[in-house]
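The questions below ask what each term rests on.

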Amino acid sequence: MKGRNLLMIPGPIEVEPEVMQVMGSPTTSHVDPNFIESFGQALEGIRQVFLAPSSQPFIVAGSGTLAMDMAAANLIEPGDRALVISTGYFGARYADILSRYGGEIDVLTAPIGGRVPLEEIEGALREKSYKLTTLTQVDTSTGVSMEVAAVAELTDSHETLLVVDGVCSVGGEELRQDEWGVDLTLTASQKAISIPPGLALLMVGPRAMEAWNTRTQPVLNYYADFGNWLPIMEAYEARQASYFATPAVNLVAALSRSLKLILQEGLEARFSRHHALGSAMQAALQALELDQVPIDPQYAANTLTAPRFPEGVDGKAFLADMKAEGVIVAGGLHPDIKSQYFRIGHMGPTSTGDLLQTLAAVEICLHQQGYPLQLGTGLAAAQREFAGR
Ligand SMILES: *Cc1c(COP(=O)(O)O)cnc(C)c1O
């Protein structure tokens, strides 16, 4: 017994031991030269990981929801119109956040497991003018991915700022912020960026910075105000200390190390490794004749998979059996179908071996729950997928 479970949920995820080692190093002053250097490197590193050399990074203590909140607080003024493209729970959350700041919000909601069609987005953008549009690259409640590049073309031609919630995608799914014309991408530390929870990361492009800069009213959230954080980010990137609110010193140092590892792997290699993990999961689901929340396998994300429980399987008992097998997976999140499915995260350092171990446990536990399957069927399909690459 290794005395630990394999953590396969869509965040927080397992992180590289050397990242944990940095996390566990003695806490330094936020003006210590070593910390200034690691903060500076983290700021430079996230520009590269988001493929956004022209954008302004913000690294702030908080979770992904704070990153969503910061984008909304800084870009929306009371009365501004925003369009939310929703493929699940986190799209709905974005509509809530934007209305707190007085935004007038329209929401395009996909059917559960579906995408919002591009024609529908274009139709909405043609009908009204929106200051900003939000899009969730991968909605963690449905496992549905959206086509960011295609949406960015539409928002670009209709002159609305595009904010991408990349919390379950940046560092795993392909995302090219500058090349695609995304105005703001946000994420959190505990997903594909691969460090423990606690940091909100935003990459703000020139048009979004300009929209903030030309506001007529103050930002209605003190902690979230870009105006408070911009001088801090600029100072640390220039290797000088500066204070607004205490940075999460250990997390920033861990971030700097994790970004280094991501860039060492190489972004193209990382995108294709996540694609291989996603494809192996899709092959296994098909072989096991398991349904999933995404209604078309083409919509399924590479960073997580959302299989539906087969008829007759007790979801709660299945999750408990999985834990007894040493693999932690997550239950459902979308309120309308919560008890009908489960979620397997496979991002960041997830290896071929981790995925095969998880599939083996899924087969054992479905079998224990009375689902008729030939043990090894899904595993073999995943192995064939890996072997074919
Ligand atoms: C996890 C997640 C969030 C929320 O992040 P927290 O760190 O839990 O606040 C937002 N959007 C998406 C797509 C997510 O996966």
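Q: What volume does the largest cavity have?
A: This is a predicted model. In it, the largest cavity has a volume of about 50 Å³. The search of the whole structure finds one cavity of 30 Å³ or more.

Q: Why is a space called a cavity, and another a pocket?
A: In a cavity a 1.4 Å probe fits but cannot get out, whereas a pocket is an open set of points.

Q: What makes up the lining of the largest cavity?
A: Its lining includes Phe39, Leu199, Trp229, Met233 and Val252. Ile59, Val60 and Ala61 are also among the lining residues. Strand β2 (56–61) and helix α9 (226–237) each supply at least two residues. The largest share, three residues, comes from β2. By class the lining has 10 nonpolar residues, one polar and no charged.

Q: How many residues line the largest pocket, and which lie nearest its centre?
A: The largest pocket is lined by 23 residues. Ser145, Glu173, His275, Ala300 and Asn302 lie nearest its centre. Its volume is about 410 Å³. Helix α11 (residues 267–287) gives the largest share of the lining, seven residues. The classes are eight nonpolar, 10 polar and five charged.

Q: What lines the second largest pocket?
A: The second largest pocket, with a volume of about 290 Å³, is lined by 16 residues. Val22, Asn34, Phe35, Ser38 and Ala253 lie nearest its centre. Two or more lining residues come from each of α2 (33–49) and α10 (249–265). Helix α10 gives the most, with six residues. The lining divides into five nonpolar, eight polar and three charged residues.

Q: Which residues of α12 and α13 meet?
A: Phe318, Asp321 and Met322 in α12 meet residues of α13 including Thr358, Val362 and Leu366. The contact has six nonpolar, two polar and one charged residues.

Q: Why are α3 and α4 also described as oblique?
A: The axes of α3 (residues 64–75) and α4 (residues 89–100) cross at roughly 45°. Roughly parallel needs an angle under 35 degrees, and roughly perpendicular starts at 65. The value lies between those limits, so α3 and α4 are oblique. Their axes come within 10 Å, and the crossing is right-handed.

Q: What makes up the contact of α3 with α4?
A: Among the residues of α3 in this contact are Thr65, Met68 and Asp69. Those of α4 are Phe90, Arg93, Tyr94, Ile97 and Leu98. By class there are eight nonpolar, one polar and two charged residues.

Q: What is the omega of the cis peptide bond between Gly11 and Pro12?
A: Omega is about -5°. Pro12 is in the loop between β1 (6–7) and α1 (17–23).

Q: What makes the phi of Ser194 worth a mention?
A: Ser194 has a positive phi of about 70° although it is not a glycine. Most residues other than glycine have a negative phi. Ser194 is in the loop between β9 (184–188) and β10 (199–204).

Key. Residues are numbered from 1 along each chain as its sequence is written. This is a predicted model: local features need pLDDT of at least 70, side-chain atom pairs count only at pLDDT 80 or more; totals for chains, interfaces and linings use all residues. Side-chain values use heavy atoms; hydrogens and water are left out. On a 1 Å grid over the protein atoms alone, a cavity is a set of points where a 1.4 Å probe fits but cannot get out, and a pocket is an open set with protein on both sides within 12 Å along at least five of seven lines; lining residues have an atom within 4 Å of a point. Grid points are joined across faces, edges and corners, and a volume is the space filled by probe spheres set on the points. Helices (H or I, at least four residues) and strands (E, at least two) are DSSP runs, numbered from the N terminus. Ala, Val, Leu, Ile, Met, Phe, Trp, Tyr, Cys and Pro count as nonpolar, Asp, Glu, Lys and Arg as charged, and the others, Gly among them, as polar. Contact means heavy atoms within 4.5 Å. Axes are lines fitted to C-alpha atoms, for helices over the stretch in contact, and angles run from 0 to 180 degrees between N-to-C directions. Angles under 35 degrees count as roughly parallel, over 145 as roughly antiparallel, 65 to 115 as roughly perpendicular and the rest as oblique. A crossing is left-handed if the near helix is turned anticlockwise from the far one by less than a right angle, and right-handed if clockwise.
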